[in-house]
Number of protein chains: 2
Amino acid sequence: MNDTFLKACRAEPVPYTPVWLMRQAGRYMPQYQEVRRKVDFLTLCKSPELAAQVTLQPVEVLGVDAAILFSDILIPVEAMGMRLEFSEQQGPVLSPPVRGQAELEGLRVPEPSKDVPFVLESIRLLRQSLQVPLIGFSGAPFTLATYMVEGGGSKSFFYTKWMMFRQREVFLGLLQMLTETVCRYLRAQIEAGAQAVQLFDTWAGILGPQDYRTYALPYVKQVVRELKGLGVPIIYFLNGCAGLLEEMLQSGADVLSLDWRIDIAQAARSVGAEAVLQGNLDPCALLLPRQELSQRVQDILQGARAARGHVFNLGHGVLPQIPLEAVKHLVQEVHRLSRRS
Amino acid sequence: MNDTFLKACRAEPVPYTPVWLMRQAGRYMPQYQEVRRKVDFLTLCKSPELAAQVTLQPVEVLGVDAAILFSDILIPVEAMGMRLEFSEQQGPVLSPPVRGQAELEGLRVPEPSKDVPFVLESIRLLRQSLQVPLIGFSGAPFTLATYMVEGGGSKSFFYTKWMMFRQREVFLGLLQMLTETVCRYLRAQIEAGAQAVQLFDTWAGILGPQDYRTYALPYVKQVVRELKGLGVPIIYFLNGCAGLLEEMLQSGADVLSLDWRIDIAQAARSVGAEAVLQGNLDPCALLLPRQELSQRVQDILQGARAARGHVFNLGHGVLPQIPLEAVKHLVQEVHRLSRRS
């Protein structure tokens, strides 16, 4: 069992810097595309054997140091009672959008073992064959709230802000319900065998610091507090974290996962004494010629040295257009360049 | 003549903090919508009398301390030889997208007096009637390049990164041509009567610090250097600036305009000793109840005190959905709460 990733999350000494990639099981892999030719995205998420199969693919093909469960952050939202569809054009569509007390009252906190048993079954299946740690995950409360309020993705997040500023009580009620949902969901994943969990706050970076402290941070803190006793590392990814590092640290998460728009050396100096950092290569840097890509890997490894510990990752998910060979090269280079001899 | 805005840009003492708003002439104003019922957006940009009329509207209705020319950042790009259309669904569409040397060679550096005479004529008209300073503007080179490469707006900016990392020489050639275009364009605006200019770097915040220093900053510096001798303040707006403040300062601009995702007090401490700051209310905060909106205005005024000077603005443009009354209230509150008695 390769436990380098778990050790790094706990700031223990490691022989090299472990690496895994957000969205490492995905469309950039021909192996994944082959599975997807047979089933649509949501069916894949809900079929434990297939979900386990695509989760394993990058572990075998790339040699990453952790697996992340193949699923979608909106799975628990569907279980709360919203209708979820994926459109080629628009991405996820959730209906009806939550814009008031009436829609909120139509929702419930799901019971994972009954409402999303396929997630837990995928985890159990994976633990039987994996030789690296398995990461479970959930969207963070604020990020899930944006999808529910907007009815999917958004550019301006106008309705989210409208709820925050004009329907505050409803929005806070939604965040509280989401917090309970996320706590139960991640606890169930850990009980089923997840050895670490990552909270994805993909959209909290649209908030200024004051609103982040009101509408995102308290709920992340609640989740972290709830899960702290379960003995698995908690990773918190905040996309657009550059102006929110101090707040991010207050989350209490073991590992802070940075997007690519901040110098990791600067983050290490500012909050790295108190947390392990994860990140943060620009996902598009995988388009670079190999030598330049290696140089960027080196720069990130070097920059992260001032932190308590480091898990290498991208600053966001792997894009479908990225060549598989470049991703393989990345993983190799992280291992080669970080090895303590 | 109210010159409070120009004095604040120069860090001279002012009786109160001047305020203007990005996209202050726009759809949230019924007066603007009335003009737009008669002409489409591009025709409006190209009709000096109408453009001057909508530029004046917010000055009269809101009592802001500066006017900003009504135009679009893609006007000079159309003049470079691209086809520009505005679609209700997609926003701006530029064709054909610049993806290689061939498209680059089809473009030219426009001659403002011949290729965009309507912009200069709007400025001359406005100077005859305005009682506040007139701000000219342009997109910054990197931001204009993203539109040209993507063929419009984008979510992932994949093609821009692809050009940066796979077609570097072409991309640098494009940036250089844009820099010359922007220099000529802003110089012509200043010669026609613009009393300050703002460079909009709406999308440079998608870059990590290293790439920002390669693909955005050098070109902004060139523009600032070219215009420095002309005697008008140069404002640099960088959307997503939280991880790039030190770099932003190196631009040499007189005023640094911040988006809303950074605490202005923190920016004032970090770079405010050397530059006047502009900003940075969340545009959606205009949805707040009046008392809370006033509190946010107060917090920003307070936070900006550590800077050399302050021009109040939003952290991005006014949204169409914002009630006019809220915008009026904002302007009044900035004046009331900042007045030195």
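Guide: In helix α10 (residues 158-166) of chain A, the buried residues include Tyr159(A), Thr160(A), Lys161(A), Met163(A) and Met164(A). This is a predicted model, in which local features need pLDDT of at least 70 and side-chain atom pairs count only at pLDDT 80 or more, while totals for chains, interfaces and linings use all residues. Residues are numbered from 1 along each chain as its sequence is written, and chains are lettered from A and ligands numbered from 1 in the order in which they are written.

Visitor: What covers the buried residues of α10(A)?

Guide: The cover includes α9 (141-150), α11 (168-192) and α12 (209-215) of chain A. Helices here are DSSP runs (H or I, at least four residues), numbered from the N terminus.

Visitor: Why are α11(A) and α13(A) called roughly parallel?

Guide: α11(A) and helix α13 (residues 217-227) of chain A pack at an angle of about 30°, with their axes 10 Å apart. Angles under 35 degrees count as roughly parallel, over 145 as roughly antiparallel, 65 to 115 as roughly perpendicular and the rest as oblique. The two helices are therefore roughly parallel.

Visitor: Which residues of α11(A) and α13(A) meet?

Guide: Among them are Leu175(A) and Val182(A) in α11(A), and Tyr219(A) and Val223(A) in α13(A). Residues are in contact if their C-beta atoms, placed from the backbone, lie within 7 Å.

Visitor: How many residues of chain B are in contact with chain A?

Guide: 23 residues of chain B touch 23 residues of chain A. Helix α10 (residues 158-166) of chain B gives the most to that side of chain B, with five residues.

Visitor: How do you know how the two copies are related?

Guide: Chain B can be laid on chain A with an RMSD of 0.0 Å by a turn of 180° and a shift of 0.0 Å along the axis. The copies are thus related as by a two-fold rotation axis. Superposition is by least squares on the C-alpha atoms of residues with pLDDT of at least 70 in both. In chain B, the C-alpha nearest the axis belongs to Ala242(B), 2.7 Å from it.

Visitor: What makes the surface one that serves both copies?

Guide: 100% of the contact residues of chain B recur in chain A.

Notes: Two residues are in contact if their C-beta atoms, placed from the backbone, lie within 7 Å. A residue is buried if 20 or more other C-beta atoms lie within 10 Å of its own, exposed if 12 or fewer, and partly exposed in between; C-beta atoms are placed from the backbone. Axes are lines fitted to C-alpha atoms, for helices over the stretch in contact, and angles run from 0 to 180 degrees between N-to-C directions.
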